[in-house]
Structure formats: C-alpha cells, structure tokens
Amino acid sequence: MEVMYMVRSGRYTRLNVYLLILSVLQLNLHTVEGVWPLPQAFTSSTERYPLNPQAFYFGYGRQSAAQQGCSVLDSAFRRYFSLIFPDYTDVGVDALSNLLPVCVLDNLSVSAGQASLKAETVWGALRGLETFSQLVYQNDFGSYFINKTEIEDFPRFQFRGILLDTSRHYLPVQAILKTLDAMAYSKFNVFHWHIVDDPSFPYQSSSFPDLSSKGAFHPMTHIYTQSDVRRVISHARLWGIRVLPEFDSPGHTTSWGKGQPGLLTPCYNGGTPSGTFGPVNPALPSTYQFMARLFKEVSSVFPDSYIHLGGDEVDFSCWKSNPDVRAFMQKMGFGSDFTKLEAFYMENIVNITSALNKTSIVWQDVFDYHERIPKDTVLHIWKGIPAKYQEELSRITKAGMRVLLAAPWYINHISYGQDWRNYYTVQPQNFSGTEEQKKLVIGGEVCMWGEYVDATNLSPRLWPRASAAAERLWSDEKQTSNVDKAFPRLQDFRCKLLRRGIQAEPLYVGHCKHEYQGV
Amino acid sequence: MSTTLKFTALLLALSLCRGLRHDYIDNYIDNYIDEVTEEEAELVAQPSKYGSLWPLPQKVQLSEVSFKLTSSSFRIVDAKDSTAGPSCSLLQDAYRRYYEYMFGIAKRQQLNKGRRTGPSELTELQVWITSPDSECDSYPSLTSDESYELSVNQPYAVLKAPKVWGALHGLETFSQLVYEDEYGAKSINSTTISDFPRFAHRGILLDSSRHFLPIKVILANLETMAMNKINVFHWHIVDDQSFPYLSRTFPQLSQQGAYHPYTHVYTPADVKMVIEFARLRGIRVIPEFDTPGHTQSWGKGQPDLLTPCYSGSKPSGTFGPVNPILNTTYDFMSQFFKEISAVFPDAYVHLGGDEVDFTCWKSNPDIQKFMDQQGFGQDYSKLESFYIQKLLDIVTTTEKGYTIWQEVFDNGVKLKPDTLIHVWKGNQQQYQNEMANVTSSGYRTLLSTPWYLNRISYGQDWQGHYKADPQDFKGTEAQKKLVIGGEACLWGEYVDATNLTPRLWPRASAVAERLWSAKDVTDINDAFSRLSVHRCRMVDRGIPAEPLFSSYCPHEYKGI
C-alpha cells in the first residue's frame, strides 16, 4: 500500500526585507540525520524543499490497498499533520479532506512536488509517517523544509516493548495514553501492561468484580474499567502498538487474595494458619476453575494473540508450611521438590490460555525450573549481568524456544549521569549460538517497574532513556554502534519530543528551542 | 485522612515485607540491593501520632478532641490586637492561599449567615502578629524571627507570631493539621504547637545556567519550598554554559551569553517577580554570580573579561577564568555588582569562587609577568586570592554580606569576619573536618555536601539525606553555633523543567526537616509515615512530588 504527501513549493511569502539576513542564517545548513531510530537505508541531499502548511496534504496512492476510510491512516494523517506543523493545527482538518490520487514510489521518497511512502501494511505506513515527520524542520523564520531523501526501512526486531507497572502505583489512563504516543515516536510496538501485582489489583474484571473492589488501592478512583481498557487498546492500535496484558501468577498475587477468598495458599506457623497468604494455591481444583474463567475474560478483552502469564519469583516457604499442599505433593508424587508443583501449576495455566488460542509469554524462571511448556511459548529474560543473560539466551534458544530480552533495560534503575549509553550499547544477539538460535531472539523490552514511579515522574524517567533501547531494537547494529555519534541525534530527538509535549528529560547541559512549559 | 493513613500503612507494610521484586541490576550488586531492601524493610509505616506534620514542629501537643471545618463558614482573620491589619497584603494573600489549599478553589462559597455553626465546629483562625513592627512590607533576612505559636481550640484557633514570617509558617502548619474524616468532612484536632526553626538558613539551590528554567518552574518550586518551611532560594543564575540574567548595565552578557537572547533570559521584570513571589512566602532570594571560574558564558558578551589561553607562544582562541590582572576587570565587576546589589534586596550575595582551573592562567605570558611583579612565584592560589580580595572589597562597598564556596577559605583568602563559608566538598569525614576548621577559625558556615540532590540513585536515598546532621563534627558548643544551616543543591547538568520538580520533591523535604526540626527528631519510621502523606499533600496541591515507595495517594497527580 502507498501513501503520499504533497510537498508543494507554494508561494514563498517570506522573501521580503529579511532576505539578506536569511541568506546569512542559511549558511548554517541543516544536516538531515535527525531520524530516531535510525532507518536501515538512508540517502539524502542538501537539496531542500519548502513545505507550505496551507497547501500540504496527505493522500492515498491510487493503487493503495487502503483508501480513505481506513481508520488507522485517516487518524494518523490528522495527527501527523499537527506534529509536522505545530503552528498550524487548525488548518489540518481542511487539508486532509483534500485527498488526491497519486503515483507510487518505493518506500519513503521525498522529492520536489511530492513525497511518497510505500508499505506492505498500515503498520509500516505509520512508521513511515513518523520518519517523514522527523525529516521536516523549521528554519529561524519558522518556514518548514524537508530535504530530498530516500529511505528504505524495516525493524531489526519484531517485538519492541515497554512495560508499565500499574500495580505498585496506579497510573491514570491519561498517563498511559501519553506514553503510547511517545512510544510511537520511538517506533515501539508493544505495550506490556503489567496490570496487577502484589500491591494492588486495578483491573476491573467483569467476571470477578471483587478483585478490584477489594484489591485495588481504591475501588472507585484507582481502577481500570472495561472502557478504560478498551480506550487504551484502541488508542494503541491507532499508533500501531499491541497491548500485551500480564496477569502474573502464582507469585505476585497478594492483591488477588483480597477479592477471591480461597485463591491464595494459607501459610502455616507450626500447626495453625498464621493469617498470612502465599502464592496461588495450586492444590485446589477451584483455583483452576477461577483461572479458566478469568483468562477467558482477559482473552476476549485483550485482542492480542499473546498473553503474559508471569511465573516469576515464586516463594516456596508458604507452600512448604501448608499441610494440604504437602499432602497434594505426596499424592502427585512430587516428593519435596516444589519446583515440580510450580511446573504443574504453570502447565495448567499455559494449557488454559492455549485452549483460548493465545500464545504464552512467561518470565525466564519458568524455563529455568521445567521444560514441559508448549514450544511456541516465549521466554522473557530479566535477570542478571550480561554474562548471565547471555548464557540464558544461549540455553533457551538452544532448546528452540523464542526469547525476549529485558535484563539490560530495567530502566526504573536510575543512576547519576548518562545511563542511556548503557541501554544503547546492548547487543541482544551477542551470545554463543548458531544463526538459527539468534533468530529466536524476537526482540526486547524496556521495563519501568513501579516501586518509585507514578504519574509525577513517569515521563521524564522513561524518555529519552527508553529511546536509546528503541534504536537498538529497530536499527541496524553496525550502523548504530557508535554511542558518541548517536548523542547529538538523540539530543535533537529529545527536543522533538518536548515540542510534541512529551516531558522528556535532558541528556546533558544544553537547551531546546521550545522548552517544556509545564511544571 | 486518618483512614487514608491506616490504608497507606497497611499497604506499605505489605509491599515492604515482600521486598523489592524484579529488582536485579546484576549479580554484582545483588548484595547491595538486598541491603537496601532490608534497610527499607524496617520501615513498616505506622500512622505517625503526629499525622502528616512536616517538618515536625518543636513542641506539639495533640488531643483526641476534634472539630469540623466547613468551607462555607471557616475564615482566617486578623486578630483584634494584631499589628498587621487588612493592609498587610502578604498575610491577606497567604490567608487566601491556605484557604484554597484546605478547601479547594471550586468550593469557595459565600458565607452562609443564616446557618448555625455546630457545637464541634471551628469557624475561625485568628492570626495575631504581636510585635510592633510586623515586618509585613520588609524582606525576610537571616535574622528574621520565624517563630509562632498555634492553639487550635474552641471557639477559635489562634496563631500568634512576633512577625509575619512566623505567621506564614504557622499557616502552613495549621493547614497540615486539617484532615478528611471517613465522610470527607474536614476536621482538625485540638492542638497546641510552639515552633521555631533549628537553623536560620534553610536553602535550595537551583541552577538556571546548565539548563534554563522557565519562570513558572521557579515559582512552582518557591511555592513548594514554603510548604516545607525552606526560607532561602539560592539562585545559581549564571555559569559556564549560559548567562540568562539580563543585566541593565551590560545587556550584552545575556544577549550573547544566554542560550537564546529572548526566550532563555530572565528580564528585570522576571527577577522582580521571583523576588516578590518569594518574599510573600517568607523566602529570601540569594543570587550567585560565581567568579573567577565558571564564567565561560560571561566572555561572550564582555570581551577581554576572560583570560586568553595560550598554546605555546600564541593565543589558542580559548579562554580561561576571569582575567585578574586588568583594571578593566575590576571596573566591570564594580559596575556589575552595583547593579546586582540594587536588584537583589537580600543582605547577602553568593560570590562563588569554586573550582578555579589554573592551567589557562599558567599559559598566559601576561599573567606570568604579573605573577613575577607581584612576587607570587608559581603559586597561582595567590593570584586567585588577589582577585577574590579585590572582589570582596568591591562587594563590601555595596554594603552586602557575602557567601563563598569553601575553596576561598581553603586557599587562605583574607575574609571579613561575617563571611559565610559554604561547604560542598568531600565525603562525610572530609566535610565534617572542614566544618570543624571553618568554625574554629570563627567563620559561620553552611552545609551542602550531603545534599547534592542532583546525584540520584535507585531506592530511598532520602533516608541518607535525612540522617545527615550539620552539627555532627568535632567542635565546641560555640563552634556548633556558627553553623547557620544548610542547602540542598540541584545542579542542572541533567535537570530542566521536565524533571526538576519530581527530582527535588519530596527528597528536599527530608533536608527541610533536618534543618527545621529539633536535633533529636530522627525516627526514620515516623518520618517515612509523615513524609508519605506530606508528599501526597504536595501532589494534591498540584506539585508533581515523586513517590517514596509503592503506594498511592487519594488524589493522584493529574497534570499530565
């Protein structure tokens, strides 16, 4: 499918008394390398064309499979018009209604008169629109320009995600939507919604409303209603972003127990229950009935064909203390190996979601303890220093399983200085293994765990640090191996984020033409 | 709010005993993380008996008796015998501000005259300025009396303070006593408080040179400083990177030296606005014009001010610190500081004097000649002293006191006895030695070393800031008294309008309590509990103060 832009030279109304000054200022030539993440193939010249916001419009190519009425692109045109011409937001709607059939060029190609964008799917077109928008710049008089450019682009990895944790702190829907916008600017395509965990259960389930009415921080103000969730999903879709929900069990479920009595394992102190609870109780049939119903609901609410089942950090001490669990272990012949009990539980859960036609993603712990999970399950690596996660990449891919890498991108871990450099220099395929094994790395994820993060500091903590990982996951590794070369381009990109209203923090001293205007 | 407190405490306890999941950085520092986790795990927050008071007043007596407050009948008024009447706009503005904090702007209603007030209702806070000069129209100073006494009882609450400065703090305290009961009704318990600051100088440094800070951000942070009883805004206004101060005398300085001559400058009107906004909140504005180092941006608009560096026998085209051998330098400084002393009303100006790099001076043949003439030999610290002494003489003629960074003292520059020495270097032992040295020489001092808040790390670093005490060093009682306070510094390399506020708050609140409350207020659990609610109060007032740990606020930040 193809999309085209008209880049009309239009009337050049600025040619008046400023002409002399203009020529001086233009000695400072704009270098067109300002695209983040870096496209795969890129040629541009210093030949530039003015864009007249009064005349510029997006149109569908004549032979495009998508035409007006395609919701994803119709709304993308609208958004990108405002992003490209921040001073002309009102004109946008008019310009958009003026759609013309045009001829087709390969990929993104900007030349005099018009530019064209060719993509297999609307999702590619969205990425191309983003790239196009980053190519447009303003001179000191506010006129818009774009240089003659040819770009061919595609992502290095299919899965480029950001995890937000809405359990340790509740994130208002507005904060999530804003993050989705910024994700699209960095070409991220998966929102991993770590929606519930020990501290709170903000997801309002239609099958089990008590889960949030008892398990959320507040049953009315700190929840995600079904319509909130739909809003997030549809907003994400329009930006070409998948929403991957995580309902982590059997550990990390303290908040579930409040609204679902009998779900968690009662811990014992000697011969009597201590009043505290451990992981989900894997010994009761009622547990699996509950999970089947919950996941049935979740599968229909979240359209993505993947679901994240967690499975990390299960603490066995409570299971060990409970006589009923021990009796169950005996009956099943697990001896005293509680990893077998965990395996038993996870297999049941994976089978439940498989039956719902969902592919599972689980944290690496599940692989570490047992291997009886479907071959198409994706393992999510989150632990350890490079040497450790490289070993794990090697081991899991050797078993033929697909992996996602998150370990080097725990972006909630802050430190003084330019830590984005560490995120940038990660090499996700640098581990011992065959070419086939390398291909099993489907991508990576930036994780923003919520212990110290809520709506007050999420945006500046996430951006532009996550953008460093975004380039690693999108661009060619050889072309982007020099972190110092990336620095000015990333600085430039962060100013673009500011211009678009994203509260992206500075990389180092300096300024942006348009500083952030909030508090 | 009492129920909120219980909930918060429960949840916190719960999250904390589960520890930090998903929190590996790598195996090397697992142990470190475990340590942090354990340390934090001790913080099982019980609601504090002091509710959400922050910083904790010196003397608090609370009772179980509670009164209701309604937005329709509650008023803050001048007491009959107060020396500050309706003409004191500083107080009138503060009354409105605190009314709005307590009841919200939308809920402001006409006084309902027909309505009878209930038996357990509190309808009035009387503010009584007791000394003949209320200082309503003055600027706060290092010696301002900031004490106040607050008595919440029927038929009305009384806030007594010698000066308006104490009244401002008392209003903040009063607003912190108000909470919502289970039904959302505003309540306050019968309380008696007598309060005064432990240290007179409780500051925050913001750096508007490494990144320009829009006025709006500065004002919002002044507002937040007042909520934390911080009383000094140390404005590190210019530095190497940019010169955003628009000087009337030398407009070229910002014209050439700012990031942008129009959008990234502070005009005289901006500066005036900041000073007045601060004054209305009892905050002093101390500008810093750091020389002779940290002056790269000055050179752009003031040719010949900086020392030309040499490469071999030729000028390299780069410049070093201020050129200390030219008369024109001192003419410039005289005029410049004359302007500064007129623009900034505070009795103190910060002259910097830190981190002077001698390599450029060494490379310059004219400077070498001058060193010979003066008999300084190769000791460039003598040249630095020469410069600083001339500068101090200049500033003395403007009748300002001055603060300087510790190096000036370390280098043995002759100082006036009332000079303030600002300690910023070293580890704990080093800065404690420095405090001992400075005070044994009879100088007053300010501490910042443990409070470089721009240095971030993972976890609850506020605890470290909270534990540092500026009087913990070897010295006599007389020496301890020379410690006039401290400052939290938020240097600007990695900070601008996008992240300043959440990075500063509530971490700076920890410093605020250390500098205000009694020395023995050190219970970290109690602090955690009060600070958690205090941070939610800041959020409720529209300040994006970041969270201390997993938990929630009844009203989350909405300004996204």
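## Basis of the values

The model is predicted: local features need pLDDT of at least 70, side-chain atom pairs count only at pLDDT 80 or more, and totals for chains, interfaces and linings use all residues. Residues are numbered from 1 along each chain as its sequence is written, chains are lettered from A and ligands numbered from 1 in the order in which they are written, and side-chain values use heavy atoms, with hydrogens and water left out.

## Chain A

Chain A contains 19 helices and 17 strands, taken as DSSP runs numbered from the N terminus (helices H or I, at least four residues; strands E, at least two). Of its 519 residues, 61% count as buried, that is, under 20% relative accessible area with a 1.4 Å probe and protein chains only. Among the chain A contacts (heavy atoms within 4.5 Å) with a separation of 6 or more, 74% link residues 24 or more positions apart.

## The interface of chains A and B

In chain B, 57 residues are in contact with 61 residues of chain A. The two chains bury about 5,400 Å² between them, 60% of it on carbon and sulfur atoms; this area is the accessible area (1.4 Å probe) lost on being put together, summed over both parts.

Four salt bridges are found across the interface, each a side-chain nitrogen of Lys or Arg within 4 Å of a carboxyl oxygen of Asp or Glu. One of them pairs Arg494(A) with Asp496(B), with the closest N and O atoms 2.9 Å apart. On the side of chain B that touches chain A, the elements giving two or more residues include α1 (2–18) and α19 (524–540). The largest share, four residues, comes from α1(B).

## Backbone features

Two cis peptide bonds may be noted. The bond from Trp463(A) to Pro464(A) has omega near 5°, and Pro464(A) is in the loop between α17 (458–462) and α18 (465–474) of chain A. The bond from Thr291(B) to Pro292(B) has omega near 0°, and Pro292(B) is in the loop between β10 (284–291) and α8 (296–301) of chain B.

His252(A) is not a glycine, yet has a positive phi of about 55°; this residue counts as buried because its relative accessibility is 3%. Lys229(B), also not a glycine, has a positive phi of about 60° and lies in the loop between α5 and β9 of chain B.

Technical notes: Buried means under 20% relative accessible area, exposed over 50%, partly exposed in between (1.4 Å probe, protein chains only).
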